[in-house]
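Good morning. Please look at the sequence and the model first.

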Amino acid sequence: VRGSEHMKRGTTPRLRLGHTLDLTAVERIDFLFKQERDEAAPAILKKTWLPAGGEAEEKNGVFEIPFTEKETRLFASGRPFYCDPRVTLTGGSIPATAILQFSCQPTLWGDADE
């Protein structure tokens, strides 16, 4: 799983993550988002892909993970954030995956501007 996207606070983006997985062998994929690249850092958000549904969608080798406006405001602007996809295969094994880095861009739209 790989990705290279930016997200702007206060918008409703869909992060795109390319992959080469055989989805017929996948039970689920959890996408864990943290502001820091550290196991002890608090989780900001978790999105899931399931063969029969979930928050994340998959089309032609690309996962699309939607974010609400409120969810994008959970990430600090001008700083990187990280996604650690955990792929669980049918049968329960969990192969290693890379931790992905994204950036969160600021917005000028604050609560007082709504």
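Start at Phe67. Leaving aside residues up to four places away in sequence, Phe67 touches Met7, Thr11, Thr12, Pro13, Leu15, Phe33, Leu45, Lys47, Thr72 and Phe75; contact means heavy atoms within 4.5 Å. This is a predicted model, in which local features need pLDDT of at least 70 and side-chain atom pairs count only at pLDDT 80 or more, while totals for chains, interfaces and linings use all residues. Residues are numbered from 1 along each chain as its sequence is written, and side-chain values use heavy atoms, with hydrogens and water left out.

Next, the core. A nonpolar core is a set of buried Ala, Val, Leu, Ile, Met, Phe, Trp, Tyr and Cys residues joined through side-chain atoms within 4.5 Å. Buried means under 20% relative accessible area, exposed over 50%, and partly exposed in between, with a 1.4 Å probe and protein chains only. The largest such core has 20 residues, and Phe31, Phe33, Phe67, Phe75 and Phe81 touch the most other members.

Now the cysteines. Cys83 is buried at 0% relative accessible area, and Cys104 is buried at 1%.
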